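Please open the model in your viewer and keep a selection panel at hand.

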Amino acid sequence: MKRILFPFIAAGMLVNASAQTSVKPAIPQDKNVEQKVEALLKKMTLEEKIGQMTQLTIDVIGKGANVYHTIIPFEFDEALLDTVIHKYKIGSILNVPGATPQTREEWTNIITRLQKEAIAETGIPIVYGVDQIHGTTYTRGGTLLPQNINVGAAFNREIAYEGGRISAYETKAGNIPWTFAPVVDLGRDPRWPRMWETFGEDAYLTTELGRETVKGFQGGDGKSVGKNHVAACMKHYMGYGVPYSGKDRTPSYISEQDMREKHFAPFLEAIRNGALSVMVNSGMNNGMPFHANYEYLTKWLKEDLNWDGLIVTDWADINNLAFRDRVAANKKEAVKMAINAGIDMSMDPYSWDFCVLLKELVQEGEVSMERIDDATRRVLRMKYRLGLFEKPYWRIDEYPDFASKKHANIALKAAEESITLLKNEGNILPLAKGKKILIAGPNANAMRPLNGGWSYTWQGDRADEFAQEYNTILESFTQKVGAGNIVYEPGVTYKAKGSYWDENAPEIEKAVAAAANVDVILACIGENSYCETPGNLVDLTLSKNQIELVKALAATGKPVILVLNEGRPRIIDEIVPLAKGIIQIYLPGNYGGDALANVVYGDANPSGKLPYTYPRYINSLITYDYKPSENLDKMEGAYDYDAIVSVQWAFGYGLSYTTFEYSNLKVDKSSFNSNDLLTFTVDVKNTGKVTGKESVLLFTSDKVASLTPDVRRLRAFEKIELKPGETKTVTLKVKASDLAFVGYDGKWVLEAGEFGVQVGNQTLDVACTNTKKWDTPNR
């Protein structure tokens, strides 16, 4: 049998990675915790250690129901429970029973039973993990927040922090101490079905919001996690958001420079701020599966950062090394490869054969006891930091703010701040409340598209069942202005079951007829909910039925306002000129309908900005930080070489009901070296008639570099609120070292030379006086 050799993963070479570096620990260590971990480790058998490294899904040990409008309580299979907990001593369970969201009481009953069984067997509590992506994804009755793409559009660190804090609190209320969030991948390909789980396409924006979300989840530096917080799990490490095909879990081809400079950046920042765990990218880069990549898992994360946290696989990804990626001959070889590369816990998730195979590998000398001890130590350490040994389960009445009004208000305000006004011809918006409007389109009267995936179920397909107490767009508008001012005729609708793109036979003529007696048409278009691979597509263009609906409505002569409710930017160039107003609401959650109504009628002023570049054409997909040659007018001479960037709307674009004027951009030092902090100030004035919020973005451009620089990069942002006529001086700070880039040799370098700086319509130049190259892998 042909064998594939992976460098630097010989069993004897793998020891405690944290001990091999002089770098300050990424997470402050508690000596008492470390002593407890070591004392327990010495007492544990090999089987117990391997059990701690194993994670199985809850459906292995019982059954629930996954039937529309049917909820059958989860029941343990006593024999399988005994096998999993008492025979194989499994240390972690994940997921939701029967693909059905549970109440706090149901979660508490399930997890309390598991904890009692585990502690009786080994004295070690399990750690339960769930994908609580935007609030309490899998807890019925809890607060669902806007998705990450909305948080990115808000450009507001406080919203990111509060989202993490609320998610943690309400997750903990159900006895769940570990959430597989936040997603800090960069959404740089609009074809990718997980765009909406990201904060957008930019590394700096994602780094800032990812850090704040982690702090909200964990409540501190990671040394210990308090009563109202959970362990965060950043995912998917790394480069997951740029598959070459645009399809989920397919290969990427990322250079070493881009990987370290952009894709690694959010993980680096979150780890430096105490993130306790990381989930690995299911795909591969340049042919190397991430789950087998010793360089990325052990060296970049554990050794270079002196990070003592936990690395967990994604769903069945050790199996994929053998049965999909074909870098291992069988599962046993795949287990060896992944564990020696640095994986600490296998989300297997259906079989305990991982335990059997790993034990054989240790006995055969293929995986060292040092590697087993290191992985087990990391699992135990996180459990101690979570306080699970002292308090493995708790009462739901300890969390009185679960689904509270104050949490709902934060969710509503977050949705309002994320809504992005893209077109407002003739100031058609905001609407007067006396106008009669037709509400049309497939997204007008359903909770499913407002929430997107990871909403009660994986695909979000039962949101209308579990979110009945909240308002669809139609219901919100009806409540706002009364049924007498609303006409509803969708024209196009989604099929209740089937694939997310499936639509019923259109009834466009009915919507056109309904437009006869209205003043304005609100066309709610976009996508139905989807998640991960089922959300793959073959054409980024909006569905033909929806495009034809908008064309027909525009032909009535009534002004049309488009509401884009979509997880990724679908191409709509054909209908943009037909609309008087265009509003992007992304996936705003259960309060999205209310937020939209507030914005449309002027009770809230839109302040969102696009966190990605909105494409105009399917063959012109690009990010804002492109290379100069990607936007080049025709060259002079015999050959017409050119490349023109043509996008629908640029990254950072968004209108308001007021106007802002920028002036007086200054910097405290026009020349600098690598150790300096540059402080920029700019005056921003509200020159309109209503109070508004403005995200002030600072971009830089390296004018000449030894590697072709990006045309510009976001380096700082702040969000401010201004009353009519009010001026504020905004301070934006940029570390000079943040202007460095990763050179062709893989080293960070800040080169002497000029940089352009832009804030709004204000520009200035600064100059680096000396070149600095870093010897360390990270600045």
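What follows is a tour of selected helices, loops and single residues.

This is a predicted model, in which local features need pLDDT of at least 70 and side-chain atom pairs count only at pLDDT 80 or more, while totals for chains, interfaces and linings use all residues. Residues are numbered from 1 along each chain as its sequence is written, and side-chain values use heavy atoms, with hydrogens and water left out.

**Helix α4**

Begin by selecting residues 104-122, which form helix α4; helices (H or I, at least four residues) and strands (E, at least two) are DSSP runs, numbered from the N terminus. The expected span of a helix is 1.5 Å times one less than its number of residues, so the 19 residues of α4 should span 27 Å, and the end C-alpha atoms, 27 Å apart, agree with that. Next, colour the buried residues of α4, namely R104, W107, T108, I110, I111, T112, L114, Q115, E117 and A118, where buried means under 20% relative accessible area, computed with a 1.4 Å probe on protein chains only. The elements that cover these buried residues include β3 (75-76), α3 (78-87), β4 (92-94) and β5 (127-130).

Stay with α4 and pick E106, which is found in this helix. Leaving aside neighbours within four places in sequence, E106 is in contact with P101 and R140, contact meaning heavy atoms within 4.5 Å. Just after α4, G123 takes a positive phi of about 80°.

**Helix α6**

Move on to residues 157-172, helix α6, whose 16 residues should span 22 Å at 1.5 Å a residue; the end C-alpha atoms are 23 Å apart, which agrees. This helix is mostly covered, with 13 of its 16 residues buried. At the start of α6, display the side chain of N156, an oxygen of which reaches to within 2.9 Å of the backbone nitrogen of E158.

**The pair α12 and α13**

Select residues 331-341 (helix α12) together with residues 353-363 (helix α13), and look at how they pack: the angle is about 70° and the axes are 9 Å apart. The axes are lines fitted to C-alpha atoms, for helices over the stretch in contact, and angles run from 0 to 180 degrees between N-to-C directions. That makes α12 roughly perpendicular to α13, a label given to angles of 65 to 115 degrees. On the α12 side the contact is made by K331, K332, V335, K336 and I339, and on the α13 side by D353, F354, L357, L358, E360 and L361. By class, this contact has 6 nonpolar, no polar and 5 charged residues.

**D374 in helix α14**

Select D374, placed in helix α14 (residues 369-385). D374 is buried, with a relative accessible area of 2%. Its side chain makes a polar contact with the side chain of R371 at 2.9 Å; a polar contact is a pair of N or O atoms within 3.5 Å, and within protein one must be able to donate a hydrogen and the other to accept it, residues adjacent in sequence counting only if both atoms are side-chain atoms.

**Backbone features in loops**

Two cis peptide bonds come next. One joins A181 and P182, with omega about 5°, and P182 lies in the loop between β6 (178-179) and α7 (203-218). Another runs from L429 to P430, with omega near 0°, and P430 is found in the loop between β13 (420-424) and β14 (437-440).

Then select N306, in the loop between α10 (294-303) and β11 (310-312). N306 has a positive phi of about 50° although it is not a glycine, and at 8% relative accessibility it counts as buried.

For the last stop, select T623, in the loop between β19 (614-615) and β20 (647-649). Is T623 buried or exposed? T623 is buried, with a relative accessible area of 10%. Leaving aside neighbours within four places in sequence, T623 is in contact with R188, E201 and T613. The side chains of T623 and R188 make a polar contact at 3.3 Å.

Notes. Buried < 20%, exposed > 50% of the residue type's maximum accessible area, 1.4 Å probe, protein only. Parallel < 35°, antiparallel > 145°, perpendicular 65-115°, else oblique. Nonpolar A, V, L, I, M, F, W, Y, C, P; charged D, E, K, R; others polar.
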